[in-house]
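Open the model in your viewer and keep the selection tool ready. Each stop says what to select and what is there.

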Amino acid sequence: MLPKIQNILYATDLSENARYAFGYAAVLAQSLKADITVVYVLDELSGTGKSLVMDYLGEEEWKALHEHKKS
């Protein structure tokens, strides 16, 4: 017996082709009654980008993310 799929990890580069792949992931998740976790990794944020993310997360969470990144 196969294990029940409860979560689908969808990694994207935000390209046009990735949009199609997301459609497949969504249909699969719906048919399996599973959740989707979306992952997109940024190389390096600009100064403005860092400021926006820090404002959204808060200074403590921002520091925690940087500490986690170092380990």
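**Stop 1: Lys33**

Select Lys33. This residue is exposed, with a relative accessible area of 73%. The cut-off for exposed is over 50%, so Lys33 qualifies. Keep in mind that this is a predicted model.

Now look at where Lys33 sits: the loop between H1 and strand S2 (35–39). Check its backbone too. Phi of Lys33 is near 55°, a positive value in a residue other than glycine.

**Stop 2: Leu14**

Is Leu14 buried or exposed? Leu14 is exposed, at 58% relative accessible area.

**Stop 3: Tyr10 and Phe22**

Select Tyr10 and Phe22 together and show their side chains. The two form an aromatic pair. The geometry is edge-to-face: 5.1 Å centre to centre, with 65° between the planes.

Which elements does the pair tie together? Tyr10 lies in strand S1 (residues 7–11), and Phe22 lies in helix H1 (residues 16–32). The pair therefore links parts that are twelve residues apart in sequence.

Finish by colouring the two residues by accessibility. Tyr10 counts as buried, at 9% relative accessibility. Phe22 counts as partly exposed, at 35%.

Note on methods
Residues are numbered from 1 along each chain as its sequence is written. This is a predicted model: local features need pLDDT of at least 70, side-chain atom pairs count only at pLDDT 80 or more; totals for chains, interfaces and linings use all residues. Side-chain values use heavy atoms; hydrogens and water are left out. Rings of Phe, Tyr and Trp (its six-membered ring) pair if their centres lie within 6.5 Å; planes under 30 degrees apart count as stacked, over 60 as edge-to-face and the rest as tilted. Helices (H or I, at least four residues) and strands (E, at least two) are DSSP runs, numbered from the N terminus. Buried means under 20% relative accessible area, exposed over 50%, partly exposed in between (1.4 Å probe, protein chains only).
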